[in-house]
Amino acid sequence: MRLALDAASSVAVADVPVAAVVVDAAGSVVATAANQREALGDPTAHAEVLALRAASAALGGGWRLDGCTLVVTLEPCAMCAGALVLARVSRVVYGAADPKAGAVGSLWDLVRDRRLNHRPEVVSGVLEEECGRVLREWFEARRGGAALR
C-alpha cells in the first residue's frame, strides 16, 4: 500500500490521486499505475484498469491474473471491480472506502456477488486514514471537499 500511496502522490494535479499496484503470488511487484483520465482523455483510465493492463503485459500478455493481488488506495468503482473479476485477480486490497461509488462493499459488493464465476478475496481498510487523507486534501484544495471520484 505504501508503494501505491507513493504513486498516488505522483498523479498530475488535474487527476484524482488514486494509484494501484499489482503483485504476483510471490509478492513481487508486477505493475504500478495511477489515474490518468485527464492526461489520456480516457474515462476508463482508472489506476486499477491501467495496472491490470500493465500486469497482463508484464506477465506475458495473458488476460488471467490468477494468483495476483491488486492493491489500490481507494475502493474500486463498478468498472474497476468488474475488471478485477474478469481478470481473475485472486485478491484485492484497498485503503479508503468510497461510499459514493465503491463496488467492493460500500455502495455495491460486485466482487463478492455469488452469481459471478470468480470472487476475489477482499482486504479493506489498509492504511485507510492515510489513503483517505490524500484524497480529502486533493478535493479540499480543488472543489471544497467534493465527492471521492
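Two strands count as paired if DSSP finds at least two bridges between them. Helices (H or I, at least four residues) and strands (E, at least two) are DSSP runs, numbered from the N terminus.

The views below come from a predicted model, where local features need pLDDT of at least 70, side-chain atom pairs count only at pLDDT 80 or more, and totals for chains, interfaces and linings use all residues. Residues are numbered from 1 along each chain as its sequence is written, and side-chain values use heavy atoms, with hydrogens and water left out.

**View 1. Strands β1 and β2 form an antiparallel hairpin.** Look for β1 at residues 19-23 and β2 at residues 29-34, joined by five bridges. Val 21 has Thr 32 in β2 as its bridge partner. Five residues lie between the strands, and in this hairpin Gly 27 takes a positive phi near 90°.

**View 2. Helix α4 has buried residues covered by other elements.** The helix covers residues 78-86, and its buried residues (under 20% relative accessible area with a 1.4 Å probe, protein chains only) are Cys 80, Ala 81, Gly 82, Leu 84 and Val 85. Their cover includes α3 (47-58), β3 (69-74) and β4 (91-96). After α4 comes Arg 88, with a positive phi near 60°.

**View 3. The whole chain holds five helices and five strands.** Along the sequence they follow the pattern α-β-β-α-α-β-α-β-β-α. The C-alpha trace spans about 40 × 30 × 25 Å along its principal axes. Buried residues make up 46% of the 149 residues.

Note on methods:
Buried means under 20% relative accessible area, exposed over 50%, partly exposed in between (1.4 Å probe, protein chains only). Contact means heavy atoms within 4.5 Å.
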